[in-house]
Amino acid sequence: MREVRTLLEAAEVVARLREKDESALRYVMDRYGDNLLRTAYLLVKDRQAAEEAVQDTFLQAFRKIAQLNHPDQLHAWLVRIVVNRCRMQQRTWSWRHIFPTLGEKRLLLESDEPGPEEMFFDQWQSGSVSHAIHQLAYNYREVITLYYYHEMPIAEISGQLALNLNTVKARLARGRAQLKDILNREQEARP
Amino acid sequence: MTNEQTEMKERLTEELGELYFAGAEKVFMKAARQPDWKQRLRAWWNQEIEIPLIPVAAVCFLLICALLLTRGEKSPKEQLFVHETRRLIEVGGNTYWIDDYERAVTSIADSR
């Protein structure tokens with residue numbers, strides 16, 4: 001009964017979004033905003049960057065809602081957009097490192113040495129799963145986030161990331177092994 | 001869904017529970033204005049493209065091989081030109097290129 005209601009609700013929301021109804025957009029942001037923000041935070045490791053990725057996700061969804069063929073897949077579609085947005089941010093970041101002058105000002109402000117607040121935050125976070133996920137390489141972070149935070153089956157992750165099933169399996173296996181190592185190390189290091 | 005997945009999900013939900021999306025108004029502001037040329041350019045530049053590694057590597061390898069093989073080799077036109085300008089002569093039962101022979105004779109004459 002609850003599922004039927006959810007399906008009807010999703011169909012109605014998508015229909016209203018297609019008519020460019022802003023109250024429908026607000027409803028979608030209220031409903032999925034926190035979930036997408038937490039996903040983006042796990043991926044990009046930065047609160048501000050995650051917030052921007054989610055804003056752009058809702059904007060893109062609002063403008064391109066006609067591309068969503070199955071209204072019941074609204075949440076999965078939003079997750080796909082946010083994952084792509086985060087990937088885009090990662091790519092922009094790497095361009096700045098290849099051509100340092102492009103982001104010189106920002107790099108000067110962002111010192112490699114952590115400040116006292118960052119050190120306190122790191123220490124406080126140490127031992128947490130999210131902190132451990134942040135230490136993984138981006139490829140593994142994506143798969144691990146979808147697998148654990150979104151509890152997606154492997155086949156769905158493969159569709160979401162447009163990756164071969166075996167690639168997802170391999171990344172998941174390596175990511176899980178690394179995650180376990182990091183968590184064990186942090187647990188041992190704790191007083 | 002495995003027990004491990006459920007347990008991790010619970011831990012993550014608890015850890016990230018303090019994060020709330022607060023950018024709704026900014027989304028409305030951005031939605032109200034059309035994207036300018038800079039944003040369009042950025043969107044175009046940041047498009048994701050996939051380069052198939054094996055075919056591209058194979059093409060590069062073939063190109064490099066072709067370059068290395070043809071390097072130093074004279075084209076048939078150049079070879080023909082060389083044959084047209086150089087002539088073989090027979091002196092004392094031996095065969096020489098005429099220009100080599102003339103050069104050798106000149107150097108002997110000069111040394112005397």
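Where in chain A does A:A162 lie? In this predicted model, A:A162 is placed in the loop between α9 and α10 of chain A. The residue has a positive phi of about 55°, although it is not a glycine. A:E151 is a further non-glycine residue with a positive phi, here about 50°. A:E151 belongs to the loop between α8 and α9 (154-161) of chain A.

Confidence was examined for each chain. Chain A has a mean pLDDT of 83, with 76% of its residues at 70 or more. Where pLDDT is low, the predicted coordinates should not be read in detail. For chain B the mean pLDDT is 83, and 86% of the residues reach 70 or more. Within chain B, helix α4 (residues 53-70) of chain B has the highest mean confidence, 91, whereas helix α5 (residues 76-85) of chain B has the lowest, 66.

In an unreviewed entry, UniProt lists residues 51-70 of chain B as "transmembrane region". In the model this span is 90% helix and 0% strand, and its end C-alpha atoms lie 28 Å apart.

The interface between the two chains was described next. On the side of chain A, 36 residues are in contact with chain B, and 32 residues of chain B take part in return. The size of an interface is often given as the accessible area lost when the parts come together. Between chain A and chain B the buried area is about 3300 Å², and carbon and sulfur atoms give 58% of it. The residues of chain A that lose the most area to chain B are A:R38, A:Y148 and A:E151, which together account for 19% of what that side buries.

The helices α2 (22-44), α3 (47-63), α4 (74-98), α7 (129-134), α8 (138-149) and α10 (165-189) of chain A each supply at least two residues of the side that touches chain B. Of these, α2(A) gives the most, with ten residues. By residue class, the side of chain A that touches chain B divides into 18 nonpolar, six polar and twelve charged residues.

Side chains of opposite charge can pair when their charged atoms come close. Over all chains the count is ten salt bridges, and three salt bridges are found across the interface of chain A and chain B. In one salt bridge, B:K30 pairs with A:D56, and the closest N and O atoms are 3.2 Å apart. Another salt bridge joins A:R16 and A:E12 within chain A, with the closest N and O atoms 3.7 Å apart. A:R16 and A:E12 are separated by about one helical turn because they are four residues apart in helix α1 (residues 2-18) of chain A.

Technical notes: Residues are numbered from 1 along each chain as its sequence is written. Chains are lettered from A and ligands numbered from 1 in the order in which they are written. This is a predicted model: local features need pLDDT of at least 70, side-chain atom pairs count only at pLDDT 80 or more; totals for chains, interfaces and linings use all residues. Side-chain values use heavy atoms; hydrogens and water are left out. Contact means heavy atoms within 4.5 Å. Buried area is the accessible area (1.4 Å probe) that two parts lose on being put together, summed over both. A salt bridge is a side-chain nitrogen of Lys or Arg within 4 Å of a carboxyl oxygen of Asp or Glu. Ala, Val, Leu, Ile, Met, Phe, Trp, Tyr, Cys and Pro count as nonpolar, Asp, Glu, Lys and Arg as charged, and the others, Gly among them, as polar. pLDDT is the predictor's confidence in each residue, from 0 to 100. UniProt positions are given in the numbering used here, feature names are shortened, and annotations may be inferred rather than shown by experiment.
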